[in-house]
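Dear colleague,

Here is the structure I promised to pass on to you, with my notes below it. Please look at it first, and then read on with the model open beside you.

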Amino acid sequence: MEQYKKEFIEFMVDCGVLKFGDFVTKSGRRTPFFINTGFYRSGGQLIKLGEYYAKAIEAAFGLDFTILFGPAYKGIPLAVASTMAISRMYGKEIKYCANRKEVKDHGDTGILLGSPMTPEDEVVIIEDVTTAGTSIRETLPIIAAQGGAKVKGLVVSVDRMERGTTDKSALDEIGNTYGLKTTAIVTMSEVIEHLYNREYNGKIIIDDELKHRIDEYYIEYGVLEN
């Protein structure tokens, strides 16, 4: 596993973004882990987050694209932080773009924030965690309506590795459905590999009992390979 992935896993723990315990998801599933990217709150945290995204984007897509698109609302700070990181780390100027929830009819009119799009633009979409595809279904028509820019792919911070509507992961389903390359900074398989029976900040975060509960969860809902 690349070093930046290990550091990102520990970064999520430090920020309180990745938690283990007993939680109930929006869909009603009881889960032994929870990821809340709303806990990235400070300037320093966003700087680091942008750097981790930048490394994952460069590894998966290279830097041969022109726009990083962040769907409203959570994707907006991700796009801003990551384009700044790409500029600082790689010296490549990628434009950021995001959508408004409502079309603005005065001043800076339209549905977009940031850079406009042209048919020559190539776009990578940035989101927080694996979704059921709702955001992508809403985002792709917005991009298509702006002149036909080509969407190269989707990057998220964590692939939860849970089944979608088939036996594939939700992230893989998104890729197959829309013909997109998808990637994540880390997968839950990598999170477990790095934290299981390993002491961090003076304690074992994933012990045998928690690992057993995670395994049971993935037997029912996941595509995790042991």
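Ala170 counts as buried because its relative accessible area is 14%, where buried means under 20%, exposed over 50% and partly exposed anything in between, with a 1.4 Å probe and protein chains only. This residue belongs to helix 5, residues 170–178, and the helices (H or I, at least four residues) and strands (E, at least two) named here are DSSP runs, numbered from the N terminus. Please keep in mind that this is a predicted model, in which local features need pLDDT of at least 70 and side-chain atom pairs count only at pLDDT 80 or more, while totals for chains, interfaces and linings use all residues. Residues are numbered from 1 along each chain as its sequence is written, and side-chain values use heavy atoms, with hydrogens and water left out.

The buried residues of helix 5 are Ala170, Leu171, Glu173, Ile174 and Gly175, and what covers them includes helix 4 (134–144), strand 7 (150–159) and strand 8 (181–187). After helix 5 comes Gly179, which has a positive phi, near 65°. Between Ala170 and Ile206, which are 36 residues apart along the chain, the C-alpha atoms are separated by 24 Å.

Helix 7 (residues 208–221) has 14 residues and reaches 20 Å from its first C-alpha to its last, close to the expected 20 Å, a span that is found as 1.5 Å times one less than the number of residues. Which residues of helix 7 are buried? They are Leu210, Lys211, Ile214, Tyr217, Tyr218 and Tyr221. Seen down the axis of helix 7, these buried residues fall within an arc of 120°, so they line one face of the helix; the arc is that of the directions from the helix axis to the C-beta atoms. As background, an α-helix has 3.6 residues a turn, so residues three or four places apart point the same way. The buried residues of helix 7 pack against strand 1 (18–24), strand 2 (30–35) and helix 6 (188–195), contact meaning heavy atoms within 4.5 Å.

Strand 2 includes Thr31, which counts as buried because its relative accessibility is 1%. Leaving aside its neighbours within four places in sequence, Thr31 is in contact with Gly21, Asp22, Phe23, Thr25, Arg160 and Tyr217.

Turning to the rings, a search of the whole structure finds 9 aromatic pairs. Rings of Phe, Tyr and Trp (its six-membered ring) pair if their centres lie within 6.5 Å, and planes under 30 degrees apart count as stacked, over 60 as edge-to-face and the rest as tilted. Phe11 and Tyr40 form a stacked pair, at 5.4 Å centre to centre with 15° between the planes. Because Phe11 lies in helix 1 (residues 3–15) and Tyr40 in the loop between strand 2 and helix 2 (43–61), the pair ties together parts that are 29 residues apart in sequence. Both Phe11 and Tyr40 are buried. Phe33 and Tyr218 are also a stacked pair, at 5.9 Å centre to centre and with 15° between the planes, and this pair links distant parts of the chain, Phe33 being in strand 2 and Tyr218 in helix 7, 185 residues apart. Phe33 counts as buried at 0% relative accessibility, and Tyr218 counts as buried at 5%.

With kind regards
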